[in-house]
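Here's a quick tour of a few local features, meant for someone who likes to check backbone angles and helix packing. Have a look at the model first.

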Amino acid sequence: MAMVGALAGCAQQTDAEPARKGLASAPPPDRSWQPKGLGAYLAARDAEIHGDMVAAATYYPIALASDPDNVSLLRRATFFAAVEGDIANASQWAQRLLTREPGANLAPLIVAADLVAHGQAKAAAERLGRLNRQGLNSFLVPVMLAWARHGAGNAAGALAALDELDSTPAYRPLKALHGALIQEALGNTAAARTAYEHYLTGNDRPSLRGVQLAGGFLVRQGLTDRAKALADDYAKRFPDSLLLENTLRDFTGGRPVAPVKTAAEGMAELFYGTASLLADNDATSAALFNRLALHLRPTYALSQLLMGQLLAGQGRQDDAIAAFRKVSGEPGLDLAAGLAEAESLRAAKRVDDAVTALERLATAHPKRADPLIDLGDMLRQAERFPEAATAYSRAIERLGPPQERHWAVFLDAA
């Protein structure tokens, strides 16, 4: 229940410290020679056990080719293909799996998401309407069904699908937020505002993404002061948020917050929220849901940022850096992406490149201490103590009057 309550904001705070532990970066499997049959299965299982997602996604399909009706292989090939973003093959294998295991929980979600991504919302709605509502499906399926019906032009059916969430109190903020998004997409401004207010007042800890979506609506309605109040309240709860600057700028005359209009965009919000919530405890499943979000909305910058963090957590620093650089030019996201990229550079033993990146960030964000704090940490870990002391001193100058939450900076600088 606590998990779903947090999900009601469509995402937990995404500016958390990127994972600093993980496997060392490894080269992709050698494709000049591939095991067959049992050998491929053993290679895939070994990769799965050791957290090598690339190898698992490579070898399970090879094993499946030798035993195409094997339900276990179909399940694993589908899962790891989706984890690695190969949604086309994942959807094909998921459809085959469903003919042999009709009660599968994950496979129909992949198929439905792929249908929506290809403009077949009606077909997706028909599939989703027949699914069980167990586990994560108890909230994923109703929200997916609502967006699929919206995409198929069934407005009444879309809102009715969300009514399933009423039976579980923890799901009600989720219903309110997606109901608001759908009402706004339908042009029902009054109903959308009511739903947004229900989300904000019925959720004692709305996420930053929820604040962005609700505040964006308020700005579009000319209610800038109300939007600014939302951001101020979030700032009190998370004063060091790396993404708050983006929200504040959007609410005070910057780039308008775009509304969610399509079924694909709505489902992407759901999957991104699920992924960001699972990231700390089940990074592999988080990667799968985030890949679905990007399949539906390839340019979704927040999802790209999360993808980089998940890849960094796997120790795939080069892939993570590439993901961070896709959003490094996004206003309001460049700080979070840049700090994460610098950490991946450090993890890849490219310390000088990381130092350069952090200095660049410090120049671009002259009021933020974060780049200089990370620079001090990095130089201290590299035993470059005089340089670290200078970086910490520069960071402390930017902090202003010391606050209790700043204790770690002063401790490291001592």
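Does Lys349 count as buried or exposed? At 72% relative accessibility, Lys349 counts as exposed (that label needs over 50% relative accessible area, with buried under 20% and partly exposed in between, using a 1.4 Å probe and protein chains only).

Some housekeeping: this is a predicted model, where local features need pLDDT of at least 70, side-chain atom pairs count only at pLDDT 80 or more, and totals for chains, interfaces and linings use all residues. Residues are numbered from 1 along each chain as its sequence is written, and side-chain values use heavy atoms, leaving out hydrogens and water.

Now the backbone. Most residues other than glycine have a negative phi. Lys349 has a positive one, and Glu383 does too.

On to packing. The axes (lines fitted to C-alpha atoms over the stretch in contact) of helix 15 (residues 263-278) and helix 17 (residues 301-313) come within 11 Å and cross at roughly 30°. Helix 15 and helix 17 are therefore roughly parallel, a label for angles under 35 degrees. Tyr272, Ala275 and Ser276 of helix 15 touch Leu302, Ser303 and Leu306 of helix 17, contact meaning heavy atoms within 4.5 Å. That contact's residues split into four nonpolar, two polar and no charged.

How values were computed: Axes are lines fitted to C-alpha atoms, for helices over the stretch in contact, and angles run from 0 to 180 degrees between N-to-C directions. Helices (H or I, at least four residues) and strands (E, at least two) are DSSP runs, numbered from the N terminus. Angles under 35 degrees count as roughly parallel, over 145 as roughly antiparallel, 65 to 115 as roughly perpendicular and the rest as oblique. Ala, Val, Leu, Ile, Met, Phe, Trp, Tyr, Cys and Pro count as nonpolar, Asp, Glu, Lys and Arg as charged, and the others, Gly among them, as polar.
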